Amino acid sequence: MKNAMPLQSACKEFEEDLVLYYYGETSEDERRRVGQHLFGCLRCQGFLGDLQRLLPQMARTEELPQSFWDNYYRETVAKLAQQDERKHWWRSLIPQMKIWMVPALGTVAMTVLVIGLLFGKGNLSSFTLRPAEKIPHEILADENQLQFFESMDLLESLSKLQSLDEQKPEAVNTQSSRMRFQSGTV
Amino acid sequence: MTNPEELRDEQLVELCRQGERHYFDVLVRRYMEKAFRIAFDFTRNTETAKDLSQDAFLRAFANIKQFDGRSSFYTWFYRIVVNLCLDHARRQQRVGWESLDRITEEPGEHRELADSTFAPDQQAIASEAKRRVDQTLETMPNKQRTAFLLRNHQGLSIADVAKVMKTTEGTVRVYLHRAVAALRQSLLELV
């Protein structure tokens with residue numbers, strides 16, 4: 001790129017092959033074929049010359065001092081250590097933990113587990129399939145009340161029957177006098 | 001005991017997977033320059049290239065257990081670097097294209113062109129040529145640019161470029177040819 005020389009154009013059918021030829025990415029057969037063509041084609045020779053002149057310059061990079069790389073390495077390793085620490089943050093709690101806290105935390109965990117098992121989802125099926133003898137007292141009381149009301153209904157029915165019975169003798173008397181009248185005994 | 005510097009990439013990765021974090025430092029030393037150069041080729045900015053390449057190491061370490069060993073460590077790692085660079089480029093594009101004025105105002109990033117052994121007119125032409133190359137690379141489709149930078153600047157084989165880009169070698173050849181054609185075209189207008 002330091003010398004601005006006119007760029008050569010290649011034969012269209014060889015352009016892609018010449019790029020790969022420059023990079024050494026052609027098969028043996030292709031290399032031979034391109035080589036034979038190059039031998040007799042000045043345009044393609046010029047094109048290849050341009051690639052050889054321009055492409056390495058495009059890849060040229062600034063040399064950086066060793067101190068840059070030393071800093072780079074130190075920083076990266078420090079960042080990695082930081083990331084690793086963040087990942088295992090809970091490990092930092094272990095040294096701060098007192099010895100008596102271990103059984104205390106264990107007990108708390110067990111209590112939470114037991115409460116969870118008793119009132120949690122897992123207990124739902126046993127709750128619905130509870131046998132009759134395990135019905136809570138509150139529900140049993142309700143049942144007694146229902147029976148009481150049922151018996152109240154019965155009592156009401158009894159009083160109705162009784163009142164009917166009281167009306168019955170009159171009806172029976174009326175019926176027997178009608179029969180006696182029909183037979184001419186009255 | 002074996003010197004960690006003598007261990008192969010795959011051995012170092014295996015030790016890291018077993019929780020031996022400090023072995024990753026050897027991989028950092030081994031690939032820091034390559035990672036930085038790739039990031040610099042994409043960004044043309046020293047600080048950004050440093051941040052992106054360091055970020056690539058952090059991500060590689062965080063995901064080391066996901067590295068299945070089907071490809072080599074460096075193609076897997078280069079893929080992380082390239083992806084971060086492309087993400088960064090996309091973010092930058094959203095913010096807005098860097099103006100040409102700003103590029104010329106930052107001669108520090110193009111110091112390699114300012115060669116005092118050449119006459120001022122030749123230096124001016126070289127500087128303009130470099131500016132056009134950078135501009136063409138910046139506006140080039142990402143896949144073409146990636147193929148070109150990895151092959152031309154980093155010296156990866158087309159087979160390795162294909163692995164990094166997760167595509168076929170034939171596709172990389174096409175990208176490479178198109179990139180070279182575009183760069184050549186940008187310089188044709190100069191002379």
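1. The coordinates come from a predicted model, and the points below should be read accordingly.

2. Extent of the interface between the chains. Chain B contributes 48 residues to the contact and chain A contributes 39 residues. About 4400 Å² is buried between chain B and chain A, and carbon and sulfur atoms give 62% of that area.

3. Polar and charged pairing across the interface. Between chain B and chain A there are 3 salt bridges. The count of residue pairs in polar contact between these two chains is 16, with both residues at pLDDT 80 or more.

4. Composition of the chain B side. Five helices of chain B each supply at least two residues of the side that touches chain A: α2 (23–43), α3 (46–62), α6 (120–139), α7 (142–153) and α9 (169–188). The largest share of that side comes from α9(B), with 10 residues. Sorted by class, the side of chain B that touches chain A has 24 nonpolar, 9 polar and 15 charged residues.

5. A salt bridge between the chains. Over all chains, the whole structure holds 23 salt bridges. Glu25(A) lies in the loop between α1 (15–23) and α2 of chain A, whereas Arg151(B) belongs to helix α7 of chain B.

6. Helices α2 and α3 of chain A. Helix α2 (residues 28–40) of chain A packs against helix α3 (residues 42–58) of chain A at an angle of about 110°, and their axes are 6 Å apart. The angle therefore makes α2(A) roughly perpendicular to α3(A). From α2(A), the contact draws on His37(A), Leu38(A), Phe39(A) and Gly40(A); from α3(A), it draws on Leu42(A), Cys44(A), Gln45(A) and Leu48(A). By class, this contact of α2(A) with α3(A) has 5 nonpolar, 3 polar and no charged residues.

7. Helices α8 and α9 of chain B. The axes of helix α8 (residues 158–165) of chain B and α9(B) come within 9 Å and cross at roughly 100°. Helix α8(B) is therefore roughly perpendicular to α9(B). On the α8(B) side, Ile158(B), Ala159(B), Val161(B), Ala162(B) and Met165(B) take part, and they meet Glu169(B), Val172(B), Arg173(B), Tyr175(B) and Leu176(B) in α9(B). The contact of α8(B) with α9(B) has 8 nonpolar, no polar and 2 charged residues.

Conventions
Residues numbered from 1 in each chain as written. Chains lettered and ligands numbered in written order. Predicted model: local features only at pLDDT ≥ 70, side-chain atom pairs only at ≥ 80, totals over all residues. Heavy atoms only, no water. Axes fitted to C-alpha atoms, helices over the stretch in contact; angles between N-to-C directions. Helix = DSSP H or I, 4+ residues; strand = E, 2+ residues; numbered from the N terminus. Parallel < 35°, antiparallel > 145°, perpendicular 65-115°, else oblique. Contact = heavy atoms within 4.5 Å. Nonpolar A, V, L, I, M, F, W, Y, C, P; charged D, E, K, R; others polar. Buried area = accessible area lost by both parts, 1.4 Å probe. Salt bridge = Lys/Arg side-chain N within 4 Å of Asp/Glu carboxyl O. Polar contact = N/O pair within 3.5 Å; in protein donor to acceptor, adjacent residues only side chain to side chain.
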